[in-house]
Amino acid sequence: MTPSNRWSITSDCKALHWDCELYPADHTDFIEMSGLYTSAIITYGLSEGKLTLHRHSVFPMLRIFPNITRGSLQCDIPAELVPVVLVGGEALTEYPAAIRLMNGAVSATSYDGKLLVDHRIFPSADKAALCELVEIQNCGDTPVRLSVTDTRTQIVCRTRGPMGVNLVERTVLWRCPADGLLPPDGKASLHIFYTGRVANEPRPAITDAYAEYAKRTARVEAITAPLTLSTGNHILDTLFHFAKLRAGESIFRTRNGDIHCPGGGNYYAAVWCNDQAEYAGPWQAWTGDEIQLNAAYNGYAWYYPHMDDRYEPLPSSIIAEGMDFWNGAGDRGDAAMYLFGASRYALVSGRLGEGNALWTAIKWCAEYCLRRMENDLHPGLIPSDSDELEGRLPTGKINLSTNMLALGGFQTAAALAEEMGEPATAESYRKAAATLEAETEAYFAGEVHGFDTYKYYDGNTTLRSWICLPLCMDIATHAKGTADAITSPYLYGEAGQLSEEGTNVAWDRSTLYGLRGMLRAAVILQEQSPEEGRALRKIAADYLMGYGQSRLLGDHVPYAIEAYPEGGKRHLSAESALLCQVVTEGILAVKPLSFTSFSFNTVIPESLPRFRLTNIRAFGETFELTIQDGLWNLTTKSGKQYGGHCQGRVTVNFAQ
């Protein structure tokens, strides 16, 4: 996880810049970007000193046969279908000056003699189209003759699907003086669109890349404006900005409503209990953004038909725009994932759906977990077939992940039950959480390689990254040993934190949970021993900065990754939602208490000059929070003010 010198952060902490003249070594990378009807994976960089761009389009609602998890139409755009600008009859050769990741686009500036060329590639915000805007400016003192190889509408891909014949087409608009002569200081523009549709539907009405770029920029601003972070640390501020974008953009307008999806070239128009219910939904509850809030709710609602009085395991995923499901992974602890995520979403956002349907679903998941606690293997703990890695690594018959997620879910669901006027239900959930905590200590706690930590399952002798989960549930009994273990060389590789020692398998999701857990545990230790709490907070902050430098300024930027080597470091969206929660659930250690109240930590890492989070939309208010110089201050849009000295955890109740 070594950062390079290639990238720099812009002063507003909203963009990355690669000065290709200062760092001209050949290098390529890829990034995923998404709009409501399309996603794109763009490969960009330098090859033999020249600009290279490769375009891959995904159309989640253009279904193909078989209409399964990976049943979204997608295609590479062939090089021969990318229009070529001709200069005096010869193909334009671009020598890059700069590449930027900004405003939700890949932007590249290059030169060919006296021509300055600027590319902007981005998905349409509201159409099934990948857009490319190419601007050409004559920086010389004589006219230049320009033309384009082919501006006809071309078919990129045609394939049959369950909704009809799918078409991907290329359309081109060339704006240049009629005689093709570009005068000194003159500008020409090339507008290229790769659109998708079912053949008997009209082609998306799209002709102006400038207009599409304005809409894309506006949507990016809508996603990133909530919870604007300012700490004085450019790594953390920029990392958080990009994480909000990736977490919020990967939402697709399916035939059954807006849905957040992982992406990555594989996972579209479908939901999972880990990626959507556990990771993304709780973060999107904080944003106040209607598209994200509705997508998160719909992700929970797609599971409603699978919750009945038989109490069978939830499906592994709901696929094909909600029309089908896949259950090949068995019980991964999905009900615990749902319980943990949905209860947080409900308390933070206050949204329960018509007839409080989400509360009914949360209670169903709680009951499922309670029934599973009554077993012959180890009463008081919850068996499951695997965990969210679906058997890629051993999990035994009872694993730490399922039980910790259930424990955290019971804790938050108890607070929700009080809000719903069900005190007896709340008490039963609190008892279940206490039982899980006690049995976890008896069953999982143990020494591994000399670390006072947890064994991931009975008989486990290797360190596993998910041993961080008790820290995330405010169990600090083995906090120091666990923190030492997850930051040790046993679980540290070039790709990041390893899922298991002795492998090369790395998934950022457990790394981000580990950061979140260490920061939460530091709050508890602060009360018991300020010195231990300060030490753990420093370990976590240093680890976060190292992670941020790698993901933001390394060879593969700017987002959290999914799986390595399996997934090739794809930019799956839900991992970015987990990164956002390192701020809310980690540094702030927020604990939802009701629809209008929460507690949080006021002691920030010493490496941060300040902590300011504005435009927070949660617990029925819009507010901002500042922590600086030993004081904290919270101000709501409605004029309420709270504050005091930074002495650890405090509670804010907007209803009082």
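I started with the hairpin: 2 residues connect strand 19 to strand 20. Strands here are DSSP runs of E with at least two residues, numbered from the N terminus. Strand 19 covers residues 251-254 and strand 20 covers residues 257-260; they run antiparallel, joined by 4 bridges. I noted that strands count as paired if DSSP finds at least two bridges between them. Opposite F252 I found I259 in strand 20.

A note on ground rules: this is a predicted model, where local features need pLDDT of at least 70, side-chain atom pairs count only at pLDDT 80 or more, and totals for chains, interfaces and linings use all residues. Residues are numbered from 1 along each chain as its sequence is written, and side-chain values use heavy atoms, without hydrogens and water.

Next, pockets (on a 1 Å grid over the protein atoms alone, open sets of points where a 1.4 Å probe fits, with protein on both sides within 12 Å along at least five of seven lines; lining residues have an atom within 4 Å of a point). Volume is the space filled by probe spheres set on the points, which are joined across faces, edges and corners.

The largest pocket holds about 500 Å³. It has 20 lining residues, with R55, V82, P83, V84 and E94 closest to its centre. Which strand gives the most to this lining? I found strand 5, with 6 residues.

I then looked up the second largest pocket, at about 300 Å³. Its lining has 19 residues, and Y267, W272, W326, E390 and R392 are the closest to its centre.
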